[in-house]
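Please keep the structure open as you read.

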Amino acid sequence: MKKVGIIDSGVEVAFLREHGMHLAGAASFSLDLEAQVLEARAYEREELEAWRDGTGTLDLEDTHGHGTAVLSILHDQVRPWPDVEVYVARVLDRNSRGHSLCLVEAMGWMLDEVGVDVLNLSLGTTHRALEASMRELTDRAAARGAIIASSAGGMPTLPAQLESVVSVGDPALMERVGADVKVDHVVKEREVKLYMGGHWMQVPMTTSFACAVAVAEVLRDGPPPGWRRRQG
């Protein structure tokens with residue numbers, strides 16, 4: 001049984017219901033800037049099922065839509081759905097904003113506590129204060145064989161720049177990216193089908209969505225040549 005994790009803006013519970021999907025585990029991470037307190041909550045399968053059935057309320061609802069779009073790409077491109085468990089961590093708010101500390105905590109939960117085999121990070125940060133913590137987490141996970149994929153940015157971003165992370169780009173990025181940005185894998189399609197705002201649509205490819213396409217390829221066919229070597 002493979003474990004796949006998505007760190008993003010959560011997931012729309014309506015999408016889970018409509019497509020018959022169940023989460024094996026989930027967590028939310030937020031930072032109260034005034035009190036300087038990190039709020040973290042992990043949810044068990046029973047709580048998630050109650051939320052999915054409408055009898056419970058959790059801080060996982062995707063009020064932005066990005067996390068749901070990422071999950072929908074996996075759902076669309078990896079059918080029949082393989083023998084995997086899906087885990088979600090919510091670190092981004094309705095404006096797709098989050099704090100680097102929440103990202104590191106979510107990565108620790110996914111890679112160390114849950115022990116996911118594949119982690120999708122369709123996000124990034126230019127702040128490097130927590131780079132050492134990110135590197136320690138990803139190096140340790142990659143050493144046990146985990147695949148960690150992150151969307152590349154137009155400038156160097158974390159965690160994509162880390163050696164143990166597979167940085168994913170799209171054709172539009174490659175037309176303008178500088179030599180200082182690490183890109184390990186390029187998704188060649190310029191459009192992608194995804195679910196957003198309550199329905200399926202075809203949209204232009206972005207690095208965030210390209211990361212999900214690359215993770216779908218891993219779940220469907222195994223890692224492309226060189227991915228294991230690059231992380232080893």
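1. Start with strand S2, residues 25-32, which gives 4 residues to the lining of the second largest pocket, the largest share. Strands here are DSSP runs of E, at least two residues long, and helices are runs of H or I, at least four, both numbered from the N terminus. A pocket is an open set of points on a 1 Å grid over the protein atoms alone, where a 1.4 Å probe fits, with protein on both sides within 12 Å along at least five of seven lines; lining residues have an atom within 4 Å of a point.

2. A word on the source. This is a predicted model: local features need pLDDT of at least 70, side-chain atom pairs count only at pLDDT 80 or more, and totals for chains, interfaces and linings use all residues. Residues are numbered from 1 along each chain as its sequence is written, and side-chain values use heavy atoms, with hydrogens and water left out.

3. Back to the second largest pocket. It holds about 210 Å³ of space, where a volume is the space filled by probe spheres set on grid points joined across faces, edges and corners. In all, 14 residues line this pocket, and Ser-30, Leu-31, Val-91, Asp-93 and Arg-97 are the closest to its centre. The lining has 6 nonpolar, 4 polar and 4 charged residues. Asp, Glu, Lys and Arg count as charged; Ala, Val, Leu, Ile, Met, Phe, Trp, Tyr, Cys and Pro as nonpolar; the others, Gly among them, as polar.

4. What lines the largest pocket? It has 21 lining residues, and Ser-96, Leu-123, Gly-124, Thr-125 and Thr-126 lie nearest its centre. Helices H4 (100-114) and H7 are the elements that give two or more residues to this lining. By class, the lining has 5 nonpolar, 15 polar and 1 charged. The pocket's space is about 490 Å³.

5. Look at H7 next. This helix covers residues 207-221. Of its 15 residues, 12 are buried (under 20% relative accessible area, with a 1.4 Å probe and protein chains only). Phe-209 and Leu-219 are among them. Gly-222 follows H7 and has a positive phi, near 90°.

6. Finally, the largest nonpolar core. Such a core is a set of buried Ala, Val, Leu, Ile, Met, Phe, Trp, Tyr and Cys residues joined through side-chain atoms within 4.5 Å. This one has 45 residues; Val-4 and Phe-209 are among those that touch the most other members. H7 gives the largest share, 10 residues. Another core, of 29 residues, lies apart from it and includes Leu-103 and Met-110.

Definitions and conventions: The expected span of a helix is 1.5 Å times one less than its number of residues. Buried means under 20% relative accessible area, exposed over 50%, partly exposed in between (1.4 Å probe, protein chains only).
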